[in-house]
Amino acid sequence: KLPFFHVENKVDFDPLRVAAAFPNIVSLPILIFPTLCEYAVVHDAFYEGDPDTSSEVEKYRSCVDQSNAMIFVYFFAWNFLYWILGY
């Protein structure tokens, strides 16, 4: 045990878990989605153009762009609601 970080009640760690998870709502998906978009089943689901005339690179870029946009829209909306309504 660390003498300077002693917590008697385990419930006191709940805010610490939330504080540690908060930055990960953006950083982990930003790292994971470009890898997921390499798979045809994923980038075909995100692509809105004509799948017959577009290349795999175009589908991949569209998937990464759309997933990043969704992640940041979620993040900004969540922050807005959290700090306005939750605080």
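**Exercise 1. Which residue forms a salt bridge with Asp44, and how far apart are the closest N and O atoms?**

Keep in mind that you're working with a predicted model.

Step 1. Find the partner. Asp44 pairs up with Lys59, and their closest N and O atoms are 3.3 Å apart. The cut-off is 4 Å, so the pair counts as a salt bridge.

Step 2. Asp44 sits in helix α3 and Lys59 in helix α4 (residues 56-86), so the bridge ties together parts that are 15 residues apart in sequence.

Step 3. Check the count: the structure holds one salt bridge.

**Exercise 2. Work out whether Asp44 and Lys59 are buried, partly exposed or exposed.**

Step 1. Take Asp44: its relative accessible area is 40%, so it's partly exposed.

Step 2. Now Lys59: here the value is 6%, and buried means under 20%, so Lys59 is buried.

**Exercise 3. Classify the ring pair of Phe33 and Phe46, and say which helices it links.**

Step 1. Start with the total, which is three aromatic pairs.

Step 2. Look at the geometry. The ring centres of Phe33 and Phe46 are 6.1 Å apart and the planes meet at 85 degrees, so this pair is edge-to-face.

Step 3. Locate the partners. Phe33 belongs to helix α2 (residues 24-36) and Phe46 to helix α3 (residues 40-46), so the pair ties together parts 13 residues apart in sequence.

**Exercise 4. Which residues do ring pairs link into a cluster?**

Step 1. Follow the ring pairs, and you'll find Phe72, Phe75 and Phe76 joined in a cluster.

Note on methods:
Residues numbered from 1 in each chain as written. Predicted model: local features only at pLDDT ≥ 70, side-chain atom pairs only at ≥ 80, totals over all residues. Heavy atoms only, no water. Phe/Tyr/Trp six-rings, centres within 6.5 Å; stacked < 30°, edge-to-face > 60°. Helix = DSSP H or I, 4+ residues; strand = E, 2+ residues; numbered from the N terminus. Salt bridge = Lys/Arg side-chain N within 4 Å of Asp/Glu carboxyl O. Buried < 20%, exposed > 50% of the residue type's maximum accessible area, 1.4 Å probe, protein only.
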